[in-house]
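Trainee: Could you take me closely through the charged side chains of this model, and show me how they pair up?

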Amino acid sequence: MYKVFVNDKPLFLTNQIIKETDFQFFLLESVDIHQFIVNMFQDKIKKAYLYHPDEKEIMKKLKEKIPVNKAGGGLVYNTEGKILFIYRNGKWDLPKGGIEKNESIEDTAIREVEEETGVAGLTITEKLLKTYHIFFRNGKYRLKVTHWFQMKTDFVGTPLPQAEEGIEKVAWLSPEEIPAALKNSYENIKLLFEKV
């Protein structure tokens with residue numbers, strides 16, 4: 001099963017038929033994906049399941065119905081065990097961004113962390129997971145697939161928020177500070193911390 005967020009509301013891709021209780025159930029093959037997403041963005045649908053019988057094909061089928069943007073991001077630790085966060089659009093987030101032509105997803109993740117935070121000397125220590133969310137840009141709904149990597153750095157300078165990307169601040173948060181930040185974050189970021 002996959003979990004995709006639409007405006008921070010959960011959309012589950014499943015190959016199991018589930019009896020509706022607090023959600024709506026749709027067939028992936030026949031759903032009008034555009035109208036479905038509009039309804040989620042307008043809060044007409046709060047939680048939904050999209051069904052397809054073949055679990056291996058389910059994400060591929062969704063990607064056939066909606067354009068995909070691929071991104072890479074980092075869960076970055078410094079030498080003190082603090083994690084690098086950015087603050088943008090009134091929420092705490094992790095640095096990430098879109099892949100460029102002929103770039104590996106690992107290179108994307110490192111480049112985006114450096115650009116958005118000014119933090120250098122990054123090393124990937126582990127591939128984490130992929131998160132999925134649907135967003136609206138330039139008149140189209142798109143599925144963003146973000147590949148997350150755990151990274152480390154011995155960077156000691158002052159992080160610099162990338163203002164042109166709307167980043168207001170960059171902060172190293174201690175393990176004790178992270179739960180409060182996650183209360184004002186996105187569901188995908190919370191999901192990442194649940195898995196780590």
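Mentor: Let us begin with a group: E100, E103, R111, E112 and E115 are joined in a network of salt bridges, a salt bridge being a side-chain nitrogen of Lys or Arg within 4 Å of a carboxyl oxygen of Asp or Glu. Side chains of opposite charge can pair when their charged atoms come close. The structure holds 13 salt bridges. Before we look at single pairs, please keep in mind that this is a predicted model, in which local features need pLDDT of at least 70 and side-chain atom pairs count only at pLDDT 80 or more, while totals for chains, interfaces and linings use all residues. Residues are numbered from 1 along each chain as its sequence is written, and side-chain values use heavy atoms, with hydrogens and water left out.

Now consider K96 and D93, whose side chains meet in a salt bridge with 2.7 Å from N to O. K96 counts as buried because its relative accessibility is 12%, and D93 is also buried, at 5%; here buried means under 20% relative accessible area, exposed means over 50%, and partly exposed lies in between, with a 1.4 Å probe and protein chains only.

In another pair, E64 forms a salt bridge with K61, and their closest N and O atoms are 4.0 Å apart. E64 and K61 are three residues apart in helix α2 (residues 58–65), so about one helical turn separates them; helices (H or I, at least four residues) and strands (E, at least two) are DSSP runs, numbered from the N terminus. E64 counts as exposed, at 54% relative accessibility, whereas K61 is partly exposed, with a relative accessible area of 23%.

R88 forms a salt bridge with E165, the closest N and O atoms being 4.0 Å apart. This pair links distant parts of the chain, since R88 lies in strand β6 (residues 83–88) and E165 in the loop between β10 (140–152) and β11 (167–173), 77 residues away. At 12% relative accessibility R88 counts as buried, while E165, at 41%, counts as partly exposed.

Finally, turn to a lysine in a strand: K3 is found in strand β1 (residues 2–6) and, at 31% relative accessibility, counts as partly exposed. Leaving aside residues up to four places away in sequence, K3 touches L11, F12, Y132 and L191, where contact means heavy atoms within 4.5 Å. K3 and T131 are 128 residues apart in sequence, yet their C-alpha atoms are 7.9 Å apart in space.
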